[in-house]
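Hi there,

Here is the structure I promised to pass on. Have a look at it first, and then read my notes below.

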There are 2 protein chains.
Amino acid sequence: MMNSPLILITNDDGVDARGIIELAECLKPLGELVVFAPDGPRSGMSGAITSSIPITFSLLEEYDGMRVYSCTGTPVDCVKLAVNNVLDRKPDLLVSGINQGGNMSVCVHYSGTLGAAAEGCIFGIPSLGVSLTDYNGKASFGACRRLGLSVAQLILEEGLPKGTYLNLNVPNVSRVKGLRVCRQSGARFVNEYMTSEDAGGETVYWLTGSLYNEQPDDPEDDTLALDEGYASLVPCRIDVTDYEYMQQLRRMTETITIT
Amino acid sequence: MMNSPLILITNDDGVDARGIIELAECLKPLGELVVFAPDGPRSGMSGAITSSIPITFSLLEEYDGMRVYSCTGTPVDCVKLAVNNVLDRKPDLLVSGINQGGNMSVCVHYSGTLGAAAEGCIFGIPSLGVSLTDYNGKASFGACRRLGLSVAQLILEEGLPKGTYLNLNVPNVSRVKGLRVCRQSGARFVNEYMTSEDAGGETVYWLTGSLYNEQPDDPEDDTLALDEGYASLVPCRIDVTDYEYMQQLRRMTETITIT
């Protein structure tokens with residue numbers, strides 16, 4: 001008899017976040033779930049790893065055959081530690097989320113949610129990050145759960161190319177218009193800092209900002225798709241090499257000598 | 001009269017690290033330098049950003065017309081804050097490093113050095129990360145300085161494609177054989193955790209590991225180039241979209257409905 005699929009669930013909002021509970025609930029029909037997530041918020045941790053101090057983890061609870069672990073590390077640490085030292089076999093699927101807050105465009109580079117999905121992909125695990133563009137504690141997860149489940153199921157059935165993971169974003173609208181396969185938008189953040197004073201009168205800087213989309217008319221742009229009420233699904237590569245530029249760079253650097 | 005080029009220098013080993021001092025010294029002939037770097041080690045911080053607490057910075061010193069700032073944030077925070085709130089114009093070049101420790105292969109996803117270079121690229125600044133595969137405090141920076149200077153000069157003269165930054169790694173060998181334009185290796189880490197006990201007898205996990213290269217025979221592989229005594233130069237993209245897979249993913253997801 002085949003094992004039922006093993007699904008590793010993690011996030012960057014922490015093991016107690018509403019999004020990861022919603023995610024675990026909706027993926028339950030697909031297989032054996034293990035939640036292994038940070039012990040508190042790790043938003044914006046990107047692909048950060050903890051190397052200067054040790055990390056540790058504990059089994060928080062076990063119910064309906066699902067184990068829930070809490071870890072002192074980053075989202076990427078969670079994936080590394082779960083796969084290397086906790087799970088008895090390689091997961092068939094990793095799903096990270098549901099993040100509250102969109103991870104479109106360059107957010108893929110800052111997001112701990114996507115950092116964890118990328119790490120799963122590095123391990124050769126078909127991996128998916130799921131985000132809802134709504135920070136509200138009372139956000140409706142309905143459409144996001146249905147789409148997350150559908151995409152997760154599809155990945156289990158069809159697999160993903162080696163070195164590719166998926167970034168699913170679902171807009172905060174009353175009626176999601178559909179799912180659109182997109183490319184990473186070129187939108188970037190503007191007005192990034194708010195200043196205030198600390199108790200000693202020193203100026204401090206709070207990261208804030210809003211996304212500015214320079215090319216707002218490409219229907220494949222993930223930021224645009226979300227603005228138009230569609231969920232966006234971007235396939236992302238671990239290999240970031242700019243292959244097109246390699247030959248030109250080779251010619252340009254030909255004259256460089258070492259001594 | 002044209003302004004002399006403005007060069008922003010940062011790193012992830014901290015403003016006092018030897019590598020950033022070596023870097024600033026070697027780039028001095030190229031223009032006006034501003035060092036804006038973390039106030040201590042931020043290795044493995046990837047593209048992490050600080051959003052839950054405010055950050056701040058201070059001018060540490062000013063000499064030879066060079067300002068040196070120390071910042072409480074991550075490498076990416078340093079780039080954001082310097083460009084948004086400190087510098088009076090956009091830098092003509094960003095160089096991050098010199099990191100002590102190689103950033104080949106998947107390290108591009110974990111490295112704070114490369115996180116900062118990617119952030120410069122997101123701002124539209126031609127950006128370069130420089131790493132030396134040697135953790136030793138007495139490491140020889142000679143070849144790394146010469147190559148870093150040559151590549152930085154080339155970038156100032158020729159520019160870089162929009163959305164592309166460079167990842168330069170220099171091997172720890174007595175005689176570097178040359179500079180090789182490479183692609184990001186598919187090598188990945190194995191044996192990632194060492195366990196020990198904390199003072200209370202609990203098991204703790206230290207991140208360690210070594211790179212295992214599955215395809216060791218491709219001369220364009222950056223890990224192989226370094227192993228063979230060459231410096232590697234990989235052009236890296238901010239846009240991680242897997243364009244080749246989009247069409248197939250579109251067909252696969254056609255049947256997904258929202259309700």
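Before the notes on the contact between the chains, one definition: two residues are in contact if their C-beta atoms, placed from the backbone, lie within 7 Å. Please also keep in mind that this is a predicted model.

Let's start where the chains meet. Chain A brings 67 residues to the contact, and chain B brings 67 residues as well. On the side of chain A that touches chain B, these elements of chain A each give at least two residues: the helices α2 (75–86), α3 (107–110), α4 (112–122), α5 (142–158) and α7 (243–252), and the strands β8 (179–181), β11 (203–207) and β13 (231–237). By residue type, that side of chain A splits into 37 nonpolar, 19 polar and 11 charged.

Now to the sheet in chain B. This open sheet has 9 strands with mixed pairing, in the order β3-β4-β2-β1-β5-β6-β7-β13-β8. At its edges are β3 (57–63) and β8 (179–181) of chain B, each of which pairs on one side only. On average, neighbouring strands of the sheet are turned by 20 degrees against each other, direction ignored.

One pair to look at is β2 (residues 32–38) and β4 (residues 66–71) of chain B, which run parallel and share 5 bridges. Within this pair, Pro38(B) has Cys71(B) in β4(B) as its bridge partner.

Two helices of chain B go with these strands. Helix α2 (residues 75–86) of chain B packs on the sheet, where it touches β1 (6–10), β2, β3, β4 and β5 (93–100) of chain B, and its direction makes about 135 degrees with that of β2(B). Helix α4 (residues 112–122) of chain B lies across β1, β5, β6 (127–132) and β7 (164–170) of chain B, at about 170 degrees to β6(B).

Best wishes

How values were computed: Residues are numbered from 1 along each chain as its sequence is written. Chains are lettered from A and ligands numbered from 1 in the order in which they are written. This is a predicted model: local features need pLDDT of at least 70, side-chain atom pairs count only at pLDDT 80 or more; totals for chains, interfaces and linings use all residues. Helices (H or I, at least four residues) and strands (E, at least two) are DSSP runs, numbered from the N terminus. Ala, Val, Leu, Ile, Met, Phe, Trp, Tyr, Cys and Pro count as nonpolar, Asp, Glu, Lys and Arg as charged, and the others, Gly among them, as polar. Two strands pair if DSSP finds at least two bridges between them. Axes are lines fitted to C-alpha atoms, for helices over the stretch in contact, and angles run from 0 to 180 degrees between N-to-C directions.
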